Amino acid sequence: MIYRVLIRKRPYEPKPRSTRPRATDIRSDRRIQRMATSQKMFVHEITRTSRLQISKNTFHRRIIESVYMIHAKMARRLPLSNLHISKSARNHMSYGYKWMAVLFNDEKNGTSMDLTGI
């Protein structure tokens with residue numbers, strides 16, 4: 001087998017393989033990129049609002065394939081120091097009864113705690 005490849009006159013080229021057809025064409029790829037650059041929305045929100053019947057992963061892949069857009073993760077922020085926490089606490093010590101109007105929201109769990117009933 002290797003001998004046949006070495007004595008060939010033409011260079012070795014693998015056989016073209018058929019691939020799965022893309023879910024989007026060039027026009028819809030450009031439309032996806034235009035939507036992603038013009039609107040500050042999450043990928044799944046843009047996917048829902050677009051008329052394309054593609055998954056959010058495909059949508060995200062098309063954005064990453066774009067030459068004009070750079071895909072980068074957001075830099076992590078440093079945690080607050082004790083000095084910052086104490087300054088913030090001093091600023092809000094005089095809130096008094098205003099704390100009853102504050103709604104604390106734990107976005108990670110999707111729950112909220114209302115202090116108006118306390």
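These notes go through a predicted model point by point, from the chain as a whole to single residues.

1. Overall make-up. The protein chain contains 5 helices and 2 strands. Followed along the sequence, the elements come in the order α-α-α-α-α-β-β.

2. Burial and surface. The protein chain has 118 residues, and 15% of them count as buried. To count as buried, a residue must have under 20% relative accessible area. The chain exposes about 11,900 Å², and carbon and sulfur atoms supply 56% of that area.

3. Contacts along the chain. Take the contacts between residues at least 6 apart in sequence: 28% of them join residues at least 24 apart. A separate pair shows how sequence and space can be set side by side. Tyr 68 and Thr 37 are 31 residues apart in sequence, and their C-alpha atoms lie 9.7 Å apart in space. Tyr 68 sits in the loop between helix 4 and helix 5 (82-91). Its relative accessible area is 76%, so Tyr 68 is exposed.

4. The buried face of helix 4. Which residues of helix 4 are buried? Helix 4 covers residues 56-65, and its buried residues are Thr 58, Phe 59, Arg 62 and Ile 63. Viewed down the helix axis, these buried residues fall within an arc of 140°, so they line one face of helix 4. The cover over them includes helix 2 (26-38) and helix 3 (43-49).

5. Salt bridges from Arg 22. Side chains of opposite charge can pair when their charged atoms come close. The structure holds 4 salt bridges. In one of them, the side chain of Arg 22 meets that of Asp 29, at 3.0 Å from N to O. Asp 29 has a relative accessible area of 11% and is therefore buried, while Arg 22, at 47%, counts as partly exposed. Arg 22 also forms a salt bridge with Glu 65, at 3.3 Å from N to O. This second pair links distant parts of the chain: Arg 22 is in the loop between helix 1 and helix 2, Glu 65 is in helix 4, and the two are 43 residues apart. Glu 65 is partly exposed, at 42% relative accessibility.

6. Arg 62 is buried, with a relative accessible area of 5%. Through shared partners, salt bridges join Arg 22, Asp 29, Arg 62 and Glu 65 into one network.

7. A nonpolar patch on the surface. Where is the patch formed by Ile 2, Tyr 3, Leu 6 and Ile 7? These residues form a nonpolar patch on the surface, and together they have about 510 Å² of accessible area. Ile 2 belongs to helix 1, which runs over residues 2-7. Is Ile 2 buried or exposed? At 65% relative accessibility, Ile 2 counts as exposed, because the cut-off for exposed is over 50%.

How values were computed
Residues numbered from 1 in each chain as written. Predicted model: local features only at pLDDT ≥ 70, side-chain atom pairs only at ≥ 80, totals over all residues. Heavy atoms only, no water. Patch = residues over 30% accessible without salt bridge, like charges linked within 9 Å, V, L, I, M, F, W, Y side chains within 5 Å. Areas by Shrake-Rupley, 256 points an atom, 1.4 Å probe, with all protein chains shown as cover. Helix = DSSP H or I, 4+ residues; strand = E, 2+ residues; numbered from the N terminus. Buried < 20%, exposed > 50% of the residue type's maximum accessible area, 1.4 Å probe, protein only. Arc of directions from axis to C-beta. Contact = heavy atoms within 4.5 Å.
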